[in-house]
2 protein chains.
Amino acid sequence: MSGFAALDMLLGPRFSTGASDLALHGQSESHFPSMPPDGVAYPRSAQELAQIMRICCEHAIPVTGWGAGTSLEGHALALKGGIVIDFAQMNRVLKVSSEDMLAIVQPGVTRAALNEELRASGLFFPVDPGANASLGGMAATRASGTTAVRYGTMRSNVLALEVVLADGRIIRTGSEAPKSSTGYDLTALFVGSEGTLGLITELTLRLQGQPEAVSAALCAFETVRAAVDTVIATIQHGIPMARIEFVDAANVRAFNAYGGTSMPETAHLMVEFHGSPTGVREQAQAFGEIVAEFGGGAFHWADRPEDRTRLWALRHNGYYAARALYPNAHPLTTDICVPISRLAEAVEETAADIEASGIPGPILGHVGDGNFHALLLPDKSAPEQIAQAEALAGRMAERALRLGGTVSGEHGIGFGKLKYMQAEHGEGWNVMSAIKLALDPSGILNPGKLLRQQ
Amino acid sequence: MSGFAALDMLLGPRFSTGASDLALHGQSESHFPSMPPDGVAYPRSAQELAQIMRICCEHAIPVTGWGAGTSLEGHALALKGGIVIDFAQMNRVLKVSSEDMLAIVQPGVTRAALNEELRASGLFFPVDPGANASLGGMAATRASGTTAVRYGTMRSNVLALEVVLADGRIIRTGSEAPKSSTGYDLTALFVGSEGTLGLITELTLRLQGQPEAVSAALCAFETVRAAVDTVIATIQHGIPMARIEFVDAANVRAFNAYGGTSMPETAHLMVEFHGSPTGVREQAQAFGEIVAEFGGGAFHWADRPEDRTRLWALRHNGYYAARALYPNAHPLTTDICVPISRLAEAVEETAADIEASGIPGPILGHVGDGNFHALLLPDKSAPEQIAQAEALAGRMAERALRLGGTVSGEHGIGFGKLKYMQAEHGEGWNVMSAIKLALDPSGILNPGKLLRQQ
């Protein structure tokens, strides 16, 4: 029996080779061309996925995981064909423990769905990459986003995992205890492994108490430098910002056009404070003093929940707002992260490089982490502009490494950033390959991604 | 030329086979018998260690790392002979960046030495396991201690590493950027790997700002349950305790005898608050309300730095205080960690089990993390008591796993806890072995530790 016949027998209608299903799973949110897989499987349990993996292992069928399809470096595209595992039917919240402040979820649960379920509990899951990604995908990508400056990335918010390995073995990593010192940190190894070492079938996630008080504000600056220097001073003062986001003038123009706002078209910081009412007041006051020191404008407060929602929707829609301004663009997202001390330099050099190119490239980012993005928008009908944008992105990556940083703060490698791995990791990249070979000797898990290609 | 001749030629007087040096490196802080290595090497750089590793690889000489010799599960003992790498001559602080709030250190620097060096900078390194361990050893053991409840364990405080592999390759993991999403988290893999995958030659550590205000206090409780329930409620209220330690009546008796205090001989919590003056007041008040709810006594404040030093010295000397009360004991340290919701149950069952055995066994722990220790003190001349103590420790490990926890919160596996690894990790333990085989195929790095023994 062929591998596909065996999958068909195992899964019935939950194994699909229909053209529309294949086409849907060939798309990504980025500029990559469509790459439909040969089949799509919808498992309902780890045990079922283990059976799928045994079949794929026997028949050498490549297997690529799929959460919500929101990754930006082609992580979920079946580059070498084979099947996509869509976790849409593994989307249950299995447990919420207020006492232990944790939730156990299946990988297909999205972060918004989890937070909706948590609303009445007084708890929330803090990691917020913007897109309504699946939690399995967020773990596999080591995602972060606007709140990582306070609450950490997926690295620090995943306590334990259940993982199905390439050969169908099921393992559990970590536990519900807050910490452990018993052997290799397999949880951390699978977080960020982009589906190349195993597929995550269950996640135990740390939750946070909903803060008693929340306050958010917008603040304009005359120069990029003043805004970024404000961020650096804020971090160094130890003010526990829940969010501190930078957007440049080009972004603000896009916000105004897309979101109907009338912000002054200059660099801004968008901030949020969490804590007790007194704590939030203290933080806001301390931050205000720093802003004044760097010549920032008055705060525009968003104190009501609906105002805050509107503020962060603006930020999260930055990508769409910029694209709407340039409908003929071939968008290229970048994602570098540098030490805070080099942030001003990194942003200024990048802005100057983009300006000199003449290509639109609004800059925004999670600057409390040293992480920022330029959304490069070359004209899709001008190949020389596209090549120029790729060169700009390459120079950003080189700049990040030269300044002691990393070529991806949160989007991951997929195959979009493979070309920078040798420069960033050197011999360490070979160590990753050795681990890959040890856990997936036939290389069926997400081939073509993250690792050195043979 | 033999391997030892080659090491001798490479290192001269920094390769020692002298009896006293061997004897010194055969000791540990635990109950294990002396196990002198065959040689001790004192490298001065990663490059030199790489040369040592190439010689040891060629001659199949086992290599065990040695920091300050304070590990508790025999991590640094040369169980299979060969050489010990003593990092005493790699003890420099290479860089302190106030802007990036990080330090780069060699592995032989102790945590006290680093904090001494940081004193004037307004920064500190928060991880505090009690012993003045080396930072390389703390990373290799994934250590934590009293402040992990607020600042995390070594897992979250190591940003980047330089590591020498079994075959002498030198790799760098991580960077000075606060986060990254570029491939497998090798930093997290080496943290906690107990010298079985590579030897750490440089660490980039996150630092914290010294808090504006610090306040510490002692508080007595009538029962173990009341003290532990207070901890659980405190964590759930989200009060950002810097330390919250439990000590039982037996410990307090030892403190009084050893430290000359006159505390009521009942269960206590020892707590510390960090923050702004207002923040600390708020935390203390909120904590006070919880204490009152559970019938705790009045706070005894230690506000002056010297009083706090005395308070935490009491706690850190708990081990020596208890040993001093029972000079003829063969001490056996335990270290389980459970979900906070199961903590009261875990402590009460353990206390009852110890009491029924008649063996002294004071309990204390980092209860904000769900982590506690019983120091079992059977008479060293009574083999049946020693066997009974080992059975008690075994039941603690089983209890930890039954309650969803882990057999070691912070001391690690070494060879003292190998017997519990299968029960805790199952198939995951085989995954660890596969990674070990991939990175150290000839098994020369710290043989006999952490992994399934062939």
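Let's start where the two chains meet: 69 residues of chain B are in contact with 69 residues of chain A, contact being C-beta atoms, placed from the backbone, within 7 Å. This is a predicted model, in which local features need pLDDT of at least 70 and side-chain atom pairs count only at pLDDT 80 or more, while totals for chains, interfaces and linings use all residues. Residues are numbered from 1 along each chain as its sequence is written, and chains are lettered from A and ligands numbered from 1 in the order in which they are written.

On the side of chain B that touches chain A, the elements giving two or more residues include strand E9 (170-174), helix H11 (277-293) and helix H17 (427-439) of chain B. Helices (H or I, at least four residues) and strands (E, at least two) are DSSP runs, numbered from the N terminus. H17(B) supplies the largest share, nine residues.

Now turn to chain A, where five strands form an open sheet in the order E5-E6-E10-E8-E9, with antiparallel pairing; strands pair if DSSP finds at least two bridges between them. Strands E5 (93-97) and E9 (170-174) of chain A are the edges, each pairing on one side only. Inside this sheet, E6 (residues 102-105) and E10 (residues 198-206) of chain A pair over four bridges, and Ala103(A) stands opposite Leu205(A) in E10(A).

Back in chain B, the axes of helices H14 (residues 343-357) and H15 (residues 383-402) come within 11 Å and cross at roughly 165°. Axes are lines fitted to C-alpha atoms, for helices over the stretch in contact, with angles from 0 to 180 degrees between N-to-C directions. H14(B) is therefore roughly antiparallel to H15(B), a label for angles over 145 degrees. Among the residues that meet there are Ile354(B) of H14(B) and Leu392(B) of H15(B).

Notes: Parallel < 35°, antiparallel > 145°, perpendicular 65-115°, else oblique.
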